[in-house]
Amino acid sequence: MKENGGLVISLDFELNWGIHDVFTKGEYDENIRGVREVIPRLLKLFKRYEIHATWATVGFLYAKNKQELLTALPKEYPTYHRTELSPYPTIETIGENEEIDCYHYGASLIKQIEQTPYQEIGTHTFSHYYCLEPGQTVRQFQADIASAMTIAKQHGHHVQSIVFPRNQVNEDYLRICKKVKIRTYRGNESHWMYTPRKFNKGLHLNRLLKCGDSYLNLSGHHVYKLQNLQMEPLVNIPSSAFLRPYHPNLQWLEPLRFKRIINSMRKAAKEKAIYHLWWHPHNMGKNTDQNFEMLERILEEYVKLQQSEQFTSYSMGEVADLVEEMNASTSCVTRQQLVLEGNV
């Protein structure tokens, strides 16, 4: 078992299905269109730096056309009290295929990810399902995740990792994920400001604090030793930080944003711990060059830590492998001790 720490990168790949209930029509189009440039560019960068990443993919994106999407729909839809949260009414208005509608289909992008070394395709649920919103039920989540697993399997993907949309981790749903052979999920940072909760659009104190935490260390470094990760019912690989996108009005804070991430990465490398960075491809769809400049600086620092501290790049699935290997090794040693002591 490896004793060195590592960088985990996970991306929430959702296109318009992840923001349909946040922005008015057309308001975020530039970002979504930009994903067509961002993903190939990310994959090229990851290949150059040999970065292992997990792409948590909304199941809707697999469909090559509208008919395939309609065929794949679950038997039950979420009955959110806030009906605007449901993406299902949107299906009536989308285009027939990816060539016509680049906002709601992603099969060609998934294919590019699949063909790039070291990339893991996970799930972001089938419909960008909100697990803590009032009105939805256990049965509806079961139907959603079953559809997500089915469409992924139809395209040759054995999904092992899940990222819950809006980071709404519902502890009651973890065992449902385990039943469909999911092994790991991205949990939230261990600080009260990151406690899973239902989504509220607009600015509020908690959101402002999280924004500030991207530039100043308000909540801690959030690095995690393998032996301390929760194993049951799924391996929890908590987030360390969200890679907040570049904003022209905050460009004077860019050195702080970089320093915040690098200091935590260095701490993880020194302590042989995990540092888990995440974002959405659409975050980089605007101000793309500035966003990639920051990311490449981070990856250059990763390479330095790899050389000096044997810091390693892992997908979420690979971290689950390490945790299970460590647990099996510990169980074997414990059993041997019991045998020697005559207790077995």
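Modeller: H1 has 21 residues and runs 30 Å from its first C-alpha to its last, close to the 30 Å expected at 1.5 Å a residue. The expected span of a helix is 1.5 Å times one less than its number of residues. Helices (H or I, at least four residues) and strands (E, at least two) are DSSP runs, numbered from the N terminus. This is a predicted model: local features need pLDDT of at least 70, side-chain atom pairs count only at pLDDT 80 or more, and totals for chains, interfaces and linings use all residues. Residues are numbered from 1 along each chain as its sequence is written, and side-chain values use heavy atoms, with hydrogens and water left out.

H1 has a kink of about 40°, centred on Val-35. The bend at a residue is the angle between axes fitted to the seven residues ending there and the seven starting there.

Now the buried side. Buried means under 20% relative accessible area, exposed over 50%, and partly exposed in between (1.4 Å probe, protein chains only). The buried residues of H1 are Asn-31, Ile-32, Gly-34, Val-35, Val-38, Ile-39, Leu-42, Leu-43, Leu-45, Phe-46 and Tyr-49. An α-helix has 3.6 residues a turn, so residues three or four places apart point the same way. What covers the buried residues of H1 includes E1, strand E2 (53–57), helix H3 (107–114), E3, strand E8 (274–279) and helix H8 (288–309). Contact here means heavy atoms within 4.5 Å.

Take Gly-34, which lies in H1 (residues 29–49). Gly-34 has a relative accessible area of 11%, so it counts as buried. In sequence, Gly-34 and His-282 are 248 residues apart; in space, they are 6.8 Å apart, C-alpha to C-alpha.

Look at both ends of H1. His-20 is buried, at 17% relative accessible area. Its side chain reaches the backbone oxygen of Leu-85 at 3.3 Å. Not counting residues up to four places away in sequence, His-20 touches Glu-84, Leu-85, Ser-86, Pro-87 and Thr-90. Just after H1, Glu-50 takes a positive phi of about 55°. Most residues other than glycine have a negative phi, and most peptide bonds are trans.

Further along, other loops hold backbone exceptions. Asn-167, in the loop between E4 and H5, has a positive phi of about 55° although it is not a glycine. Asn-167 counts as buried, at 18% relative accessibility. Lys-272 also has a positive phi of about 55° and is not a glycine. Lys-272 sits in the loop between helix H7 (254–270) and E8. It is partly exposed, with a relative accessible area of 35%. A cis peptide bond joins Glu-232 and Pro-233, with omega about -5°. Pro-233 is in the loop between helix H6 (205–213) and strand E6 (235–236).

Last, the whole chain. It has nine helices and nine strands. Its radius of gyration is 20 Å, close to the 20 Å that the globule rule gives for 344 residues, so it is as compact as a globular protein of that length. That radius is taken over C-alpha atoms; the rule is 2.2 Å times the number of residues to the power 0.38. Of the 344 residues, 55% count as buried. Among contacts between residues at least 6 apart in sequence, 80% join residues at least 24 apart.

How values were computed: Polar contact = N/O pair within 3.5 Å; in protein donor to acceptor, adjacent residues only side chain to side chain.
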